[in-house]
Amino acid sequence: MLIVYALIGAVVGFIAGWILNERVQRSRVAGARALAEQIVEDARKEAETVREKAKLEAENELHKARERFERESAQRRAELQQLEAKLLDQERKLDRKVDLLSRKEGELRQLERELKEKERAVQAKDAQLSELIKEQISQLERISGMTAEEAKTLLIAKLEQKAKQEAAYRAKEIKDRAIAEAEKEAREIVGMAIQRYAAEQAVESTVSVVSLPSDEMKGRIIGREGRNIRTFETLTGVDVIVDDTPEAVILSGFDSLRREIARIALERLIADGRIHPARIEEVVEKTKQDIDKIIQEAGEQAAYEVGVHGLHPRLLYYLGRLKFRTSFGQNVLQHSKEVAWLAGMMAGELGLDEVLARRAGLLHDIGKAADHEMMGSHTEIGMELARRYGEGPVVQNAIAGHHEGVPPISVITSLVAAADAISSARPGARRETLESYIRRLERLEELADSFPGVEKAYAIQAGREIRVMVRCEQVDDAQAEQLASDIAERVEKEVEYPGQIKVTVIREKRAVAYAK
């Protein structure tokens, strides 16, 4: 019975549980359905919102696109209107051009007709003129008694003669102009060479001064009863002057070589301290032997200074001898170096061999070093020495022809002659030209001072420029320019000078005031 009750209870419990579960399931289904409906409703509302939003955005985009399209359309319409206006303008211009061309074409046709008519008229007149010429020629032939060919021959002969005369006049004019231009260029080249070579000039003296350590040495030089000084003068060939000059004696003589030997010998005797006739004779003889070395070194140094290489040693020795030779008070070696530089500079300006010109200039007076040993003039002796020691024909000709003794075979001969004249005529180079140089400077200053309004004139740059100071209250700027031209014209007419002279007029006005 208990089992039955248990079974019934179990069935009842199962049924109750099933019913309860069914209710729960129904409740869940109803909740899920409600939730689903709620979700669907929310989704519908959200979709509606999205659709409205999309619709609004689409309407905005459509509105913007419509505005953009309208703007672009308006712009395109404006551009089309401008193009249409331009096309209309071009069309009107083309119409005007067509009208103009039509008128021009009509005018050209009319001009062509007129030209044809004129051409026919000219042809008719040409025919008439030809007939008249034939008649005139026939009449001229009858009057002159010559045919046309004979008259033509006569006319050509006269024209040829006239042409020859004009050609001769023209040739002479060209030749004169060429000579004038050549002289001008030559003066410029010579002036340039003088300006570039600005060496000092000094006239050689005939005395040499030897310094003494004290005045007591004068007595030792004189010696007992003057035997030392007599021996020295006899051996050297120079005069020894012992006067009141403190701590010095003077050697006087016209032979520079002897004077140099005496100077060196006396300095050696003073340094040695032993001064007596035997010692004097020994020192003088030793000095004469040593002087050859000094001469050789002087020649080598001179050749090195002017850039001349490859000279024979004997020529260098003769060149060194020129250091102790003077001409009109001018040292011949210094003169030769100067001629070498001037000739080289002028050769360089003319595009010639500058080294060869310097070589010829350096050796041009080499004959003066041996004119006491050989017969003949210094140019003949110099040419012989150059030939003997292997110098070329150009150098030989320059040596022989620098005083126009022989015809030049090269322009270098003429350059050496010009350089020799320039070096000899340089201010202060020779005693005889110094005074004339000073007179020329004074003449230039006097000439400039003679003009009214000139306060003071100065000749500067060795007489190649005049500086003229004028009074500002008497000469204005325009008058200053005219004054410079007038002075230059007077100088050209009244003064002889090489090259050119620059005239500079200076006008200055100063105003000074003081603040207190």
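User: Before we start, what is a salt bridge here?
Analyst: A salt bridge is a side-chain nitrogen of Lys or Arg within 4 Å of a carboxyl oxygen of Asp or Glu. Please keep in mind that this is a predicted model.

User: Which residue does Lys93 form a salt bridge with?
Analyst: Its partner is Asp89, and the closest N and O atoms of the two residues are 3.5 Å apart.

User: How are Lys93 and Asp89 placed in helix H1?
Analyst: They are four residues apart in H1, which covers residues 2–144, so about one helical turn separates them. Lys93 is partly exposed, at a relative accessible area of 35%, and Asp89 is partly exposed as well, at 27%.

User: How many salt bridges does the structure hold?
Analyst: The structure holds 24 salt bridges.

User: What about Arg443 and Glu494?
Analyst: Arg443 and Glu494 form a salt bridge, with the closest N and O atoms 2.5 Å apart. Arg443 belongs to helix H13 (residues 431–449) and Glu494 to helix H14 (residues 477–494), so this pair ties together parts that are 51 residues apart in sequence. Arg443 is partly exposed, with 31% relative accessibility, and Glu494 is partly exposed, with a relative accessible area of 39%.

User: Is Arg279 buried or exposed?
Analyst: Arg279 is buried, because its relative accessible area of 15% falls under the 20% cut-off. Asp272, at 30%, is partly exposed.

User: Changing topic: in what order do the strands of the open sheet stand?
Analyst: The order is S6-S7-S8, three strands with mixed pairing. Strand S6 (454–460) and strand S8 (502–507) stand at the edges with a single partner strand each, so one side of each has no neighbour in the sheet. Neighbouring strands are turned by 20° against each other on average, direction ignored.

User: How many bridges join S7 to S8?
Analyst: Six bridges join strand S7 (residues 465–470) to S8, and these two strands run parallel.

Notes:
Residues are numbered from 1 along each chain as its sequence is written. This is a predicted model: local features need pLDDT of at least 70, side-chain atom pairs count only at pLDDT 80 or more; totals for chains, interfaces and linings use all residues. Side-chain values use heavy atoms; hydrogens and water are left out. Buried means under 20% relative accessible area, exposed over 50%, partly exposed in between (1.4 Å probe, protein chains only). Two strands pair if DSSP finds at least two bridges between them. Axes are lines fitted to C-alpha atoms, for helices over the stretch in contact, and angles run from 0 to 180 degrees between N-to-C directions.
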